[in-house]
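The sequence and structure come first.

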Amino acid sequence: MSVIGWILVIALFAVGMAGAVYPVLPGVLAIYFAFFVYGWFFSFESFGPFFWILQTLIVVALMVADYAVGAWGVKKFGGSKLSVWLSTIGIIIGPFVIPAFGLVLGPLLGAMIGELIKGESLSKSFKVGIGSVVGLFSSMVVKVILQLVMIIVFIIWIVAF
């Protein structure tokens with residue numbers, strides 16, 4: 001039974017890390033759920049209130065940062081609120097519409113369309129679109145780092161406590 005528990009925990013960690021790159025997957029929530037799976041299969045005993053508070057704060061920070069860093073990229077390159085919204089929609093829809101390139105083209109085109117609707121030039125719209133892609137990749141880096149921190153804290157916690 002313990003092998004099944006570890007397989008599930010590791011699978012959830014893998015889904016979580018993949019979710020840092022592919023936003024359709026429930027990245028950070030999969031990692032957070034892995035802690036519960038571990039507790040159900042093994043024990044919640046080693047997890048105290050500090051563990052749960054720390055991990056929950058990281059989850060909240062990740063969710064806020066995910067949107068904020070993406071929006072920062074659009075804003076930094078001169079984009080409007082409409083471009084932020086459309087680039088976010090592009091991140092979600094892009095991978096389904098254009099499977100191979102949608103993750104990059106979705107936010108790029110979404111931000112560009114937002115700026116074109118606002119009456120901006122094609123060159124400025126493209127610049128804002130590039131900003132959305134910069135924000136997307138910056139967000140991915142932040143997610144990978146924080147999710148690795150969550151996993152490392154978990155490992156330290158179960159080994160040390």
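## Packing of α1 and α6

Helices α1 and α6 pack with their axes 8 Å apart, at an angle of about 160°. Axes here are lines fitted to C-alpha atoms, for helices over the stretch in contact, and angles run from 0 to 180 degrees between N-to-C directions. The two helices α1 and α6 are therefore roughly antiparallel, a label for angles over 145 degrees, where under 35 is roughly parallel, 65 to 115 roughly perpendicular and the rest oblique. On the α1 side the contact (heavy atoms within 4.5 Å) involves Trp6, Val9, Phe13, Gly16, Met17, Gly19, Ala20 and Val21. On the α6 side it involves Met140, Lys143, Val144, Gln147, Leu148, Ile151, Phe154 and Ile158.

## Model and overall layout

This is a predicted model, in which local features need pLDDT of at least 70 and side-chain atom pairs count only at pLDDT 80 or more, while totals for chains, interfaces and linings use all residues. Residues are numbered from 1 along each chain as its sequence is written, and side-chain values use heavy atoms, with hydrogens and water left out.

The protein chain has six helices and zero strands. Helices (H or I, at least four residues) and strands (E, at least two) are DSSP runs numbered from the N terminus. The C-alpha atoms fill a box of roughly 60 × 30 × 15 Å along the principal axes. Of the 161 residues, 42% count as buried, meaning under 20% relative accessible area, with exposed over 50% and partly exposed in between (1.4 Å probe, protein chains only). Among contacts between residues at least 6 apart in sequence, 65% join residues at least 24 apart.

## Packing of α2 and α3

The axes of α2 and α3 come within 10 Å and cross at roughly 165°. That angle makes α2 roughly antiparallel to α3. Val28, Leu29, Tyr32, Phe35 and Phe36 of α2 make the contact with α3, whose residues there are Phe51, Trp52, Gln55, Thr56, Val59, Leu62 and Met63.

## Nonpolar cores

A nonpolar core is a set of buried Ala, Val, Leu, Ile, Met, Phe, Trp, Tyr and Cys residues joined through side-chain atoms within 4.5 Å. The largest one has 22 residues, and Val9, Phe13, Phe35, Phe47, Phe51, Met150 and Phe154 have the most contacts inside it. At least two residues each come from α1 (2-21), α2 (27-41), α3 (49-76) and α6 (122-160). The largest share, eight residues, is supplied by α2. Leaving aside neighbours within four places in sequence, Phe154 is in contact with Trp6, Val9, Phe13, Phe35, Tyr38, Phe47, Phe51 and Gln55. A second, separate core has five residues, including Ala71, Val74, Val84 and Val128.

Helix α5 (residues 102-117) has 16 residues and reaches 21 Å from its first C-alpha to its last. Buried residues of α5 include Gly102, Leu103, Gly106, Pro107, Leu108, Gly110, Ala111 and Met112. The buried residues of α5 pack against α1, α4 (81-97) and α6. Just after α5, Gly119 takes a positive phi of about 90°.

Ser132 lies in helix α6. Ser132 counts as buried because its relative accessibility is 3%. Not counting residues up to four places away in sequence, Ser132 touches Gly73, Val74, Ser87, Pro107, Leu108 and Ala111.

Methods. Expected span 1.5 Å × (residues − 1).
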